[in-house]
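The entries follow the structure shown here.

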Amino acid sequence: MKLKLKLLEWYNSNKKDLPWRLNNRPYEVWISEIILQQTRVNQGLSYYLNFIEKFKTLEDLAKSSEEEVLKQWEGLGYYSRARNIHFTAKNIFFDLNNVFPNSFNTLLLLKGIGKYTAAAIASICFKEPVSAIDGNAFRVYARLFQINLDISEAKNFNHFFKIGNSVIDLKNPGNFNQAIMDLGSTICLPKNAKCIICPVNEFCGAFKNNTIYLFPVKTKKVKISNEEIYYLHLFDKENNFILRKRANNSIWANMFDFTEIAVFEKETGGEFTKEIFFLEKVNHILTHKKLKIHFYGLELDHSYLLKLTSQNANYTLAHLSKLEKHALPKPIENFFKNKLL
């Protein structure tokens, strides 16, 4: 099929120079795919390099603590990805004798690995001809074959999956999937698509009919809620301060932030309320939430008061010079960056 040949020729001449493509080892490909799920390549590359430098092998990752993994993931967001990576690394190393599953179906059994990631690893690392359907693939296939199905509806995934499997190159399935990814991220763009230089425009139904921007069909919108947080930064003159470890069923699960004013007032009976002062207000956007975060401060005269407060099971006594020890959500990380400027 000429479409395959054209696409692979284009990919071989124009493929992105990415470190995980040098050897196609499953560990590196897996980590890269998880990082890039919610992050652009140019932003995620430095995180990938730092992560692999810290955890050079799956064994290194499996034998590390969750806090070390979360700290390395700091700034990437969607921290459940980091926790799933850690869980799965331990699963493969300790339960599967450090043997990485080598097929689409067995990869799907691993925590945090869905159909797209399983297909990417299986095709790139083990040459299994299975189509990797991500946002780029949805867009490319929808335009090539003028597919009117709503990609936001889960029931329509299998149609795109079957289309991809029907056209994938059986000898080079990994390169074919990566070619689709690269085509979607560089040429077949959501807006300002570069159709004139597209290597497969002669096969594209949407290009022929001038209907490029009618595809893909996507109607579902994410509902975003608004939330306000009133943080209290408890500190002393020696740069000691209190951090709170978040519950494992909350946003930023198991990471460290500050206690909240209402919680502190309840714990202390409002004894220090008059001494609390305003520091700053910031906005922070998550996938489903818009956070308005208010930072307040309270300087305690004696370090022993901080130590007493830190005896709460969820509190940790920390010091500004050892901030790197703790995995912090982005708003807390930025708070300290501004403080240190």
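Entry 1, the start of a helix. I looked at the start of α9, where a side-chain oxygen of Asp134 comes to within 3.2 Å of the backbone nitrogen of Asn136; a polar contact is a pair of N or O atoms within 3.5 Å, and within protein one must be able to donate a hydrogen and the other to accept it, while residues adjacent in sequence count only if both atoms are side-chain atoms. I took helices (H or I, at least four residues) and strands (E, at least two) as DSSP runs, numbered from the N terminus. I noted that this is a predicted model, in which local features need pLDDT of at least 70 and side-chain atom pairs count only at pLDDT 80 or more, whereas totals for chains, interfaces and linings use all residues. Residues are numbered from 1 along each chain as its sequence is written, and side-chain values use heavy atoms, with hydrogens and water left out.

Among the buried residues are Phe138, Arg139, Tyr141 and Arg143, and what covers the buried residues includes α1 (2-14), α10 (157-167), α11 (173-186) and α12 (205-208). Just after α9, I saw that Gln146 takes a positive phi of about 50 degrees.

I looked up how α8 (residues 115-126) meets α11, and their axes come within 7 Å and cross at roughly 130 degrees. That angle makes α8 oblique to α11, because angles under 35 degrees count as roughly parallel, over 145 as roughly antiparallel, 65 to 115 as roughly perpendicular and the rest as oblique. Axes are lines fitted to C-alpha atoms, for helices over the stretch in contact, and angles run from 0 to 180 degrees between N-to-C directions. Tyr116, Ala119, Ala120, Ser123 and Ile124 in α8 meet Pro173, Gly174, Asn177, Gln178 and Met181 in α11, where contact means heavy atoms within 4.5 Å.

Is Ser32 buried or exposed? At 1% relative accessibility, Ser32 counts as buried; I placed Ser32 in helix α2, and, not counting residues up to four places away in sequence, Ser32 touches Trp20 and Tyr48.

I then went to the loop between α2 (26-35) and α3 (41-54), where Gln38 lies, and found Gln38 partly exposed, with a relative accessible area of 46%. Leaving aside its neighbours within four places in sequence, Gln38 is in contact with Tyr78 and Arg81, and the C-alpha atoms of Gln38 and Gly77, 39 residues apart along the chain, are separated by 8.5 Å.

Most residues other than glycine have a negative phi, and most peptide bonds are trans. I noted Lys127, in the loop between α8 and α9, with a positive phi near 55 degrees; Lys127 is exposed, with a relative accessible area of 55%. Trp252 also has phi near 55 degrees, but Trp252 counts as buried at 7% relative accessibility. Lastly, I recorded that the peptide bond from Phe215 to Pro216 is cis, with omega near -5 degrees.

Definitions and conventions:
Buried < 20%, exposed > 50% of the residue type's maximum accessible area, 1.4 Å probe, protein only.
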